[in-house]
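User: I would like to learn how to read a structure of this kind, starting from a single residue and ending with the whole chain. Could you take me through it step by step?

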Amino acid sequence: MHIQETEAQPESVDLDRGSKLLITVLVVAAFVMILNETIMSVALPRLMVDLDITASTAQWLTTGFMLTMAVVIPTTGYLFQRFTLRQVFAAAMTLFSVGTLLAASAPGFELLLAGRVIQAGGTAIMLPLLMTTVLRVVPAHKRGAMMGVISIVIAVAPAIGPTLSGVILRSLDWRWMFWLVLPIALVAFAIGSALVKNLTTTGAAPFDGLSVVLSALAFGGIVYGLGSLGHSAEGSGVPVWVPLVVGVVALVVFVLRQSSRQEDGRALLDMRPFLTPTFSIGLAMLAISMMALFGALILLPLYLQNVLGLDTLKTGLLLLPGGLLMGILAPFVGRVFDRVGPRPLVIPGVVVVSAALWLMTLLDTETGLPMVVGIHSMLMVGLALVMTPLMTSSLGSVPSELYSHGSAIFNTGQQLAGAAGTALFVTIMSNTAASQLADGATDVAAQQSGIHTAFMWGGVISLIAVAGSFFIRKPAVTS
């Protein structure tokens, strides 16, 4: 009976106006939230001067955000079982708005960091909420187009964060990065509170405190360890391997505990979505795509500033066309997916991503700016072809009762992949550059060599995604 009701749903040609407006509000809210994940990167040098802090201290404004996301997202499967979507939305927007206000008015580093952490708590809840709402509200035959919009949130918002930051910092104080966001968040909060529907059936889901602790140790430890890899040469603080080992061991114990508790609905994060091959393969391929995206986001600005000598504003503006191009293409890719399925899009998409990464190995001190913009735009086109089909096919293959857990796993995987991509690219670049400097190379030559090697390894990893693309399948209607 449940399947028959679901299959009758696609007869509706369009979503009702209320559902469209609801998804629009959630997308805007999520976009603003994710924008804040990378908006601080360009501002760190300014903050080091204004707040009299070191680079390693300032980096916590970004690392703390990622850590909080990694710790909170795995708990969202439980939150959606225990509380209504309206309650979860209110909690997410309250956390983000309070965090933004605190960061905007912070007189020093400590309150600014606290504001960033509170912001991240709201952001971590909003992304799975958006995905779960789309899976519940949108008929299966229209999900591609909606997931195309969500991919704008996931990929384009981080890509334009540094650009927006550069524009704001050119004329305004760094606190305006938060003051300008706050009214948008409050308006989204007000409208969303009136529109969000209680689409799920809540129950007295048991709270497993041990799983929460294991989740924090696992995902927090791994993200912190990966994020520290690029700065390991400083030789200060806890050795990088310690949080990584703690994180991996805690992750193994966490997975075993969830597997033993999921059959009777007591798991904090249900692992059963991994039993669906389409979900597992899609998540693995998306992880590689996110590694490429975040690796490029960290390396290209370094190349443009340290090798070509551009300032932060010009760097941000040069990377803007690629981000905008991806945003424009994503909804169209989603509509094509609804007609033809994932493989005709994913296979050429991963080939384009791989080709772009290999072309980036050619960047040097003589490279013209149009070529840089062209290669970056090529990468973003490839990612646009890949991300929407992978998200739609993977999450659409999960049984409807596991939507919230599938969304939580998916978003956790993206955070881990982003941290891994950043760590991998930065570590390879730093180690290669240090070796070149020891051999007598100039700073610019060493940086160029490090960036070349990092992109080469990115190209090698991308070949795994090319092979995996042939195993992607269009999911059956499971909702």
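User: Which residues does Gln119 touch, not counting residues up to four places away in sequence?

Analyst: This is a predicted model, in which local features need pLDDT of at least 70 and side-chain atom pairs count only at pLDDT 80 or more, while totals for chains, interfaces and linings use all residues. Residues are numbered from 1 along each chain as its sequence is written, and side-chain values use heavy atoms, with hydrogens and water left out. Contact means heavy atoms within 4.5 Å; by that rule Gln119 touches Asn36, Phe65, Leu95, Phe96, Gly99, Thr100 and Phe178.

User: Is Gln119 buried or exposed?

Analyst: Buried means under 20% relative accessible area, exposed over 50%, and partly exposed in between (1.4 Å probe, protein chains only). Gln119, which lies in helix H8 (residues 109–137), counts as buried because its relative accessible area is 0%. Helices here are DSSP runs (H or I, at least four residues), numbered from the N terminus.

User: Why does Leu101 count as partly exposed?

Analyst: Leu101, found in helix H7 (residues 85–104), has 41% relative accessibility and therefore counts as partly exposed.

User: What share of the residues in the protein is buried?

Analyst: Buried residues make up 56% of the 479 residues in the protein. Along its principal axes, the C-alpha trace of the protein spans about 75 × 50 × 45 Å.

Notes
Helix = DSSP H or I, 4+ residues; strand = E, 2+ residues; numbered from the N terminus.
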